[in-house]
Amino acid sequence: MQRRDDIVPVLLGGDIAIYALGRDFHEAYGLRSVCLASAPVAAIARSAIFDVYPLDGPANDENVLAAVRDLADRDAEKTVFLMANTDAHIHLLGRIRDRLPENVVVPMPTLDIVQRVSDKAEFAEMCVRWGIRTPETVVIDLAGDGPIPPVDLPFPVVAKAAVAAEYQHLMTYEGFLKVHYIDSQVDLDALWASLRAAGFHGRFVVQKLVRGDDTNIGMFTVYMDGEGHARLFGSAQVLLEDHAPTMLGNPVAMLVTPQEDSLPAIEAMLADLGYHGFANFDTKIDPETGELLFFELNPRIGRNSFYLMAAGVNPVVTAVEDLVDGRGGDLVRTEGEALYTLVPRRLLMRYIADARLRERVTACYRAGKVANPQHYRADRGLVRSLEVWLTEMNQYRKFHRYYPQLTDSGF
């Protein structure tokens, strides 16, 4: 640990992903983080490594800007390191970035780049230009009230909003799913009608269903510096995803594995965009062809970025060296295998069918190469530890309800 007192980590949001970032800062520099949220999860509210700054009202542009300005004024001689880790919060920070105090830095690209890469339809077009493979995709524009033509794809298909930030309110308040699994054109037409009736007039992407369970899914995490070079590259194979309707697509267990082949194309595409900051890619291997397909780019470090720590790589160190210290450096990679998990071992093993993969996961447990951001010796209050245990035990109930048996599609 390199102790520092010239940085104030300010983290917008109050979920487990924010706790993991706070732990990153504490492990790297011994710093307490400030959580900007009115009702953070118990892991943060009862944490010894966080101070909670309740927002004065909802997390909108003006309230967040006022809070960050206040915190920046309190420590005017220090650098406020501001981060977020949801699509909506990243767009928010992009909108207020030009009005932030001079002593605030944000490890993310500019708003115009955020908007471009967050659009799954535009991302698919960018991938074509850089020779990066994506699933067969059809873009549907729900503007207006005219008829929507049928898609020229074999069913079943998967449908999701092109820009998640524009759709979040329908998941939160209207009960719409994050990802829709569609068996027929009739069902797809019904989805379009219900979205329009709910007032949604943005774009959706419809993609050919790529078979394979959760273990066919992968993740890449990159940090690009201001010179257009990758300074950090991590890769992992998903073992199990959350299957609750509003959380579908969020891994709860991953195996860190070296996957270097994709870095040159990723780095070239991000450099061409003028991308600076963290980027997180979702991928999947098509079991029919063996091809690695890219699904989306999230302009943030990613909800499950703690998998990097499982491999001994602290991502905030790279960002601090770049944005605070102004230092260059060699590319840092995840190496070897390690396990990142938010669920109990017995539950995880229930969903790994491949014998060789089970052996690799078991080897990580035996070697002690296992990381769960919630299990931190420096933050072990009795009540907090009990609440973390209850949260993990609740995973049994969630999976019994939403994904009781392993399927070959992950749905």
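Which residue forms a salt bridge with Asp61? Select Arg95: it is the partner of Asp61, with the closest N and O atoms 2.8 Å apart. (A salt bridge here is a side-chain nitrogen of Lys or Arg within 4 Å of a carboxyl oxygen of Asp or Glu.) The pair links distant parts of the chain, since Asp61 sits in helix α3 (residues 61-74) and Arg95 in helix α4 (residues 87-96), 34 residues apart. Helices (H or I, at least four residues) and strands (E, at least two) are DSSP runs, numbered from the N terminus. Asp61 has 18% relative accessibility, so it counts as buried, while Arg95, at 44%, counts as partly exposed. The cut-offs: buried is under 20% relative accessible area, exposed is over 50%, and partly exposed is in between (1.4 Å probe, protein chains only).

A word on what you're looking at: this is a predicted model, where local features need pLDDT of at least 70 and side-chain atom pairs count only at pLDDT 80 or more, while totals for chains, interfaces and linings use all residues. Residues are numbered from 1 along each chain as its sequence is written, and side-chain values use heavy atoms, leaving out hydrogens and water.

The structure holds 20 salt bridges. Pick Arg231 and Glu321 next: their closest N and O atoms are 3.5 Å apart. Arg231 has 3% relative accessibility, so it counts as buried.

Now go to Asp242 and Lys398, a salt bridge with its closest N and O atoms 2.8 Å apart. Asp242 is in the loop between β11 and β12 (251-256), Lys398 is in helix α14, and 156 residues separate them. Both Asp242 and Lys398 are buried. To see a network, select Arg4, Asp6, Arg231, Glu321, Asp325 and Arg327, which are joined by salt bridges that share partners.

**Rings**

There are 14 aromatic pairs. (Rings of Phe, Tyr and Trp, the last by its six-membered ring, pair if their centres lie within 6.5 Å; planes under 30 degrees apart are stacked, over 60 edge-to-face, and the rest tilted.) Try Phe123 and Phe281: centres 6.3 Å apart and planes at 45°, so the pair is tilted. Phe123 is in helix α6 (residues 120-129) and Phe281 in strand β13 (residues 277-285), so this pair ties together parts 158 residues apart in sequence. Phe123 and Phe281 are both buried. Tyr167 and Phe200 have ring centres 5.8 Å apart and planes at 80°, so that pair is edge-to-face.

**The cores**

Which residues have the most contacts inside the largest nonpolar core? Select Leu239 and Leu348, in a core of 63 residues. (A nonpolar core is a set of buried Ala, Val, Leu, Ile, Met, Phe, Trp, Tyr and Cys residues joined through side-chain atoms within 4.5 Å.) Helix α1 (residues 16-29) gives the most to this core, with eight residues. Another core, of 25 residues, lies apart from it; Val34, Leu65, Ile90 and Leu92 are among its members.

**Last stop**

Finish at the peptide bond from Phe155 to Pro156, which is cis, with omega near 5°. Pro156 is in the loop between β6 (137-141) and β7 (157-161).
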